[in-house]
Amino acid sequence: MRADRVFAYGAAAGLLGDLLLGDPRRGHPVAAFGRVAAAVERVLWRDDRARGALHTAVCAGGAVALGAVAARVVRTSPAVSLALTGAATWAVVGGTSLAREARAVGRALEAGDVEAARARLPHLCGRDPQTLDADGIARAVVESVAENTSDAVVGALVWGAVGGVPGLLGFRAVNTLDAMVGHRSPKYLRYGWASARLDDVAGWPGARLTAVLATLAGDDPRGAVRAWRADAAAHPSPNAGPVEASFAGALGVRLGGTLSYGGRVEHRPVLNGTGRAVGIHDVERAVRLSKRVSWLALGVCVAARRIAKGRTS
């Protein structure tokens, strides 16, 4: 079986597996990687960029090497190669968990239980929930759904199309390292620099594809394009900017503004300033848009890999 077909069938099986099964409650491969990365950090940590770069190279490089060895071992068996691709895709994507957590917060808001929504929000994003009212929580959920559609699904599919199983595992490793050490706290400002920059590079193509597909799949394509062009560049993240702006325009809502992380207040630019304020019902709309984008991304990545394979044949 040709490599492009192995990826097509395997990635589709993995995405379907995520839809049907979601993430395991225990023993998730990404959690295991996180424990290994934390152990490496305990050995290497210094308030130094070079040590942080070594940490990134060891952990991300190890994930890519593991994927390459596994793919090489099974390369003579199309069925096992397909199963490996499916398992790797299922392990690295997280669209179902993203939707589940977003909907859990949305249900609490619909029931008028703001305290329950605040308690659930940290499962989805790092905002300080105690500073948010119901509308602020809904806005945080929509922004998180938008950004994580790229990080948890589309970006992984893009790198899977480029590099197969090593690409899938490598992207998730880089994204996980960024979440662990790539933030601007005093401890990780220098040590996490390499992880944060590598995540920006790895996330660039997936973020742009997510923005394009949100534009095509949303309720207001023109609004999505307008918000993307006008506001994305002002966002502090080069990848979250296009994604959140296109989601804001596609849904007709206003995102961004003042937010709080770990007691640190940030004043971010408003995205799609002509849109209305986010309402509770927009949580479900964002989840549905995220699902449409995810399946469209699978189709685009499969087609791109097949075209690339045809040109090199």
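A polar side-chain atom of H235 lies 3.0 Å from the backbone nitrogen of S237. The model is predicted; local features need pLDDT of at least 70 and side-chain atom pairs pLDDT 80 or more, while totals for chains, interfaces and linings use all residues. Residues are numbered from 1 along each chain as its sequence is written, and side-chain values use heavy atoms, without hydrogens and water.

H235 sits in the loop between α9 (221–231) and α10 (240–251); helices are DSSP runs of H or I with at least four residues, numbered from the N terminus. H235 counts as buried because its relative accessibility is 7% (buried: under 20% relative accessible area, 1.4 Å probe, protein chains only). Beyond neighbours within four places in sequence, H235 is in contact (heavy atoms within 4.5 Å) with A240, G241, E244, R268, P269 and L271.

## Helices α7 and α8

The axes of α7 (residues 134–181) and α8 (residues 193–217) come within 9 Å and cross at roughly 130°. Axes are lines fitted to C-alpha atoms over the stretch in contact, and angles run from 0 to 180 degrees between N-to-C directions.

## Helices α3 and α8

Helix α3 (residues 49–73) packs against α8 at an angle of about 55°, with the axes 7 Å apart, so α3 and α8 are oblique to each other. R49, G52, A53 and T56 of α3 meet W193, A194, S195 and L198 of α8.

How values were computed
Helix = DSSP H or I, 4+ residues; strand = E, 2+ residues; numbered from the N terminus. Buried < 20%, exposed > 50% of the residue type's maximum accessible area, 1.4 Å probe, protein only. Polar contact = N/O pair within 3.5 Å; in protein donor to acceptor, adjacent residues only side chain to side chain. Parallel < 35°, antiparallel > 145°, perpendicular 65-115°, else oblique.
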